[in-house]
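Below are a few points for a colleague who has not looked at this structure before. Please read them with the model open.

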Amino acid sequence: MQLDSDLADVANAIRDAQVAKSRLDDESAAIRDELRSLRERPSNIPAHNLGIRATICAGLGIEAQRIPFAGELIQVAAAHSHWEGAAERVLRSFGLSLLVPQDLYAQVADWVNAHHLGGKLVYYRVPARVSTLGDTAPDGALLYKLDLKEGPFEDWLERELHRRARHLCVDSMAEFRRQDWAVTEAGQIRTSGGRHEKDDSRRIDDRRHFVLGWSNEAKIEALLADAQRVQHELSTVTAALTGAEAERERIDGRRSTLTTLSAFDGYDELDWESVAAHISNLQARKRELEAASAELARIASEIERTEHAITDAEAARRAAEQQIARLEQDRERAQAGKVESEQILAEPAAAVASDLFAAIEKRLRGERPTSPAQCGPASASIERRLTGEVESLSEKARLAENRIVHKMGEFRRHYPLDTVEMDASVAAVGEYRALHERLTEDDLPRFEDEFKTYLNTNTIRDIAGFHSQLSKQVELIRTRIDTINDSLAGIDCNPGRFIRLEESATPNQEIREFREELRRCSDGSLGADTDDQYSEGKFLHVKSLIEKFRGREGQTDLDRAWTKRVTDVRNWCVFAASERYREDDTEHETYTDSGGKSGGQKEKLAYTILAASLAYQFNLQWGAVRSKDFRFAVIDEAFGRGSDDSTRYALSLFRKLGLQLLIVTPLQKIHVIESFVSSVGFVDNKTSKNSRLQCLTIEEYRERKRLHGLISLTQPDEDSAESA
């Protein structure tokens with residue numbers, strides 16, 4: 001009973017040690033994997049989150065740097081390292097969020113929605129342009145203890161942290177209780193509305209779980225220290241487990257021995273020594289008997305040798321019988337083959353075939369049959385080989401004939417007058433050879449080479465240069481459109497929508513045919529051998545185009561108008577205005593003209609494109625703040641027929657661009673314009689001879705306007721008009 005109790009205690013100890021060892025093994029493996037991952041990357045983001053991002057990047061074929069985690073771009077400044085734990089408490093969830101630029105937003109959103117990620121993902125769309133900051137955070141806020149990594153996300157992160165990290169870093173609980181947004185060095189957080197939070201599920205200085213920063217050296221050091229602790233505990237648990245298992249084996253051995261002994265009734269059943277002594281005596285007696293009878297041993301040896309001899313003789317007899325049977329079969333087959341061969345040689349065809357035996361023997365190439373049985377396969381092999389050669393030669397002859405006929409047909413198409421009586425067939429090859437001899441004797445190739453050189457070095461290359469110059473002008477138009485679109489992208493023509501100009505090739509068939517004619521004239525004319533560029537058809541094509549440029553007889557005016565129309569590259573393009581959503585760059589509506597649009601829509605479209613054109617003219621960069629520069633524009637007869645809303649929209653655009661405006665407009669729009677101008681020049685001409693100008697600041701104008709309103713209450717209308 002004592003052994004059973006001891007064994008149960010040891011089993012419990014082993015089980016506890018195994019559980020502890022399994023826990024430490026898992027912890028050690030997790031630390032090892034995290035260390036391996038940290039050494040392969042510079043940031044502190046956990047490997048699981050990085051795996052989700054890697055899956056997204058692999059699915060979309062983009063680099064991981066295009067969609068960083070916020071934590072990879074934020075770190076606590078070295079001078080404020082004692083606030084690092086508090087910053088991790090405040091910004092951990094935000095640090096594990098992906099930042100997706102505007103140009104990748106639609107792709108990432110669609111891919112994430114269509115796939116199972118195996119974990120939680122939070123991501124933010126980062127617009128191409130970031131609006132200015134609103135309220136700033138107070139001095140001493142957590143925001144000012146952070147460093148941001150330079151790059152395309154810096155402005156957006158700064159604006160976002162003004163909202164997320166506006167907590168005041170306080171040193172006392174009294175100050176903590178007075179603030180709406182505060183955080184202590186111990187990690188207690190207070191936010192607007194009286195919400196308080198302190199998460200002590202991990203120590204605040206445990207760097208193993210930090211996610212902020214673009215350097216992970218401190219996290220690696222913390223993990224290495226933790227790995228040493230785990231390894232020490234694992235060694236202790238392993239030693240205890242080994243000792244407990246050894247103790248269990250010792251107890252099991254004693255218990256097994258006692259169980260075995262309980263099966264015997266007395267010592268006699270265990271007395272193996274007396275049994276071993278009896279067996280030894282019997283073996284000695286056997287050896288004595290064998291040594292005493294030498295004749296018996298000789299007879300036994302003779303019997304064994306005789307049995308072996310009988311076995312060998314039986315095997316030799318069976319082999320001889322099998323060989324005799326095979327020889328009999330070979331003799332019968334040879335006799336049958338001899339008779340068959342004699343019959344074949346007796347036929348009349350054998351005498352004719354005998355003349356080809358020598359050629360057939362050469363084809364055998366060492367495969368000459370040595371028996372009648374091998375003749376059949378050899379004959380079939382030779383037949384297949386000869387048939388293949390015949391078919392190959394026939395196919396080559398057919399292909400050669402087809403090529404000859406094809407070349408004859410091409411020659412006839414190019415020179416129909418010279419080949420009117422010639423056929424495209426192999427039978428007519430003599431006629432083509434005679435024509436070739438005649439051309440060679442007349443030395444026509446020399447004149448052809450001179451004409452090729454003249455055509456290639458002068459006319460065709462001039463046409464190619466002309467085509468290239470026109471194409472450059474088209475590319476210049478496209479470049480200017482792109483520049484204007486950069487300005488349009490910063491202007492909201494409607495809430496959340498902007499305008500983009502789009503250029504496309506004109507559908508005008510006349511211009512499209514002209515561009516195709518230019519391409520055909522110069523196609524292959526640059527950078528190629530001269531001999532490959534000339535053809536009679538190309539010469540005629542170039543000749544026709546030049547005649548139209550010069551003006552053909554009887555069509556001079558038409559050709560001149562055509563030349564002016566097709567060589568003006570502005571006619572090569574058509575333009576449209578695409579109104580697009582800023583959120584995902586999808587199209588809301590396309591304007592090819594202003595037909596069917598209301599007056600307000602037409603005005604907004606015109607003002608938007610005008611503002612973008614001014615930005616292009618003054619080389620303005622959207623959102624850039626400049627000083628000491630002069631951007632002056634005069635708008636005459638402005639806003640006379642437009643609505644008040646359209647007028648305010650246009651002036652707001654011009655204000656965003658930082659333009660200095662001189663607006664000439666009827667007096668009825670002054671009530672809209674006055675909130676956008678700093679001075680007013682009032683012009684009148686009562687005598688229709690001399691105009692008068694009175695300059696007022698906007699404050700003086702408003703004061704005069706107020707006084708005019710008071711005078712109008714006490715004087716007749718004509719006096720009121722004269723006073724104004």
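**Notes on strands and surface**

1. Strand 5 pairs with strand 6 (residues 182-184) in the parallel sense, over three bridges. Strands here are DSSP runs (E, at least two residues), numbered from the N terminus, and two strands pair if DSSP finds at least two bridges between them. V170 has T184 in strand 6 as its bridge partner.

2. This is a predicted model: local features need pLDDT of at least 70, side-chain atom pairs count only at pLDDT 80 or more, and totals for chains, interfaces and linings use all residues. Residues are numbered from 1 along each chain as its sequence is written, and side-chain values use heavy atoms, with hydrogens and water left out.

3. An open sheet is formed by four strands in the order 5-6-7-8, with mixed pairing. Strand 5 (168-170) and strand 8 (195-197) stand at the edges; each has a single partner strand, so one side of each lacks a neighbour in the sheet.

4. Strand 10 (residues 573-581) and strand 11 (residues 587-591) run antiparallel and are joined by four bridges. A577 has Y591 in strand 11 as its bridge partner. The two strands form a hairpin with five residues between them, and D585 in the turn has a positive phi of about 65°.

5. Where is L662 placed? L662 lies in strand 13 (residues 660-663). L662 is partly exposed, with a relative accessible area of 42%; partly exposed means between buried (under 20%) and exposed (over 50%), with a 1.4 Å probe and protein chains only.
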